[in-house]
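Here are my notes for your read-through. Please keep the structure open beside them.

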Amino acid sequence: MVIWKQHITHLINKIIAGLLCFLLILVSFCPATAIAAETAQKTVRVGYYVNDHFQEGTSDDDVKSGYGYEYLRKVACYSGWKYEYVYGDWADLYEQFLTGEIDIMAGVSRLEEREAYILYPDYEMGIESYYLYKHEEDTQIVGEDLSTLSGKKIGVIKNTTMEDYLRKWLADHPLDAEIIEFDGYEAEQMAFDRREIDVFAEMDLIFPPVRDEPRWSRLENFRIIWL
């Protein structure tokens, strides 16, 4: 009889331990789900622009992925927010963000002048390093020689911190290069593929190109700024 009771007690302890492990696994994925469920779910409009490996997927029907997308999901996990995605180019979405038509955007660099009208989180989303990228087969532009950028067209997404730093960088390195502004990443990349621009400014693209054939090559010595 004592043995039977000990067996039952041991079995119950194993079941309790298993349930606790299961709950811990759930909490590790979304530790605030239970708390968020107790409050009314708030719908938040998110400005969602496409940028390779940062935010991918151009509609609600597309599979979304990327660092920015996963970051937003984690925020929703803690806050209990329900997202309504608003799709578009960076420039258009940023204007809607400033006018209050959308609530949040990922990847908006912190600037002192922006802090007057943008509420930034206490912790940074990440650190960016901006580089210039040329066509893989382009042998005229050489990373060790800044003068090879003279006469070239440099693409950049307008109304971004990247554009501001690119202009400051070019002012510090007097080159006869032309800046071509784009509303978003896709338009910039299409122009790059059509050879309408020679170089484009972008964050540290540590991932390989999406297509099978190499499209760009990073100019290691042309790092614009470290944020």
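1. Start with helix H3, residues 67–79. H3 lies across S1, S2 and S3. H3 runs at about 150° to S2. Bear in mind that this is a predicted model.

2. Now the sheet under discussion. Three strands form an open sheet in the order S2-S1-S3, and the pairing is parallel. S2 (82–87) and S3 (104–105) are the edge strands; each has a single partner strand, so one side of each has no neighbour in the sheet. Strands of a sheet pair through backbone hydrogen bonds.

3. Look next at the pairing of S1 with S3. S1 covers residues 43–48 and pairs with S3 in the parallel sense, over two bridges. Val46 stands opposite Ile104 of S3.

4. Arg114 deserves a look. Arg114 sits in the loop between S3 and strand S4 (129–135). Is Arg114 buried or exposed? Arg114 is buried, yet it has no salt bridge. The nearest side chain of opposite charge is Asp164, 5.4 Å away; the cut-off for a salt bridge is 4 Å.

5. What does Arg114 touch, leaving out residues up to four places away in sequence? The contacts include two tyrosines, Tyr94 and Tyr120. Val108, Ser109, Asn159, Thr160 and Thr161 are also among them.

6. Last, helix H6, residues 185–193. Its buried residues are Tyr185, Glu188, Gln189, Ala191 and Phe192. They span an arc of only 160° around the axis, which places them on the same side of H6. After H6 comes Arg195, with a positive phi near 65°.

Key:
Residues numbered from 1 in each chain as written. Predicted model: local features only at pLDDT ≥ 70, side-chain atom pairs only at ≥ 80, totals over all residues. Heavy atoms only, no water. Pairing = 2+ DSSP bridges. Helix = DSSP H or I, 4+ residues; strand = E, 2+ residues; numbered from the N terminus. Contact = heavy atoms within 4.5 Å. Axes fitted to C-alpha atoms, helices over the stretch in contact; angles between N-to-C directions. Buried < 20%, exposed > 50% of the residue type's maximum accessible area, 1.4 Å probe, protein only. Lys, Arg positive; Asp, Glu negative; His and termini not counted. Arc of directions from axis to C-beta.
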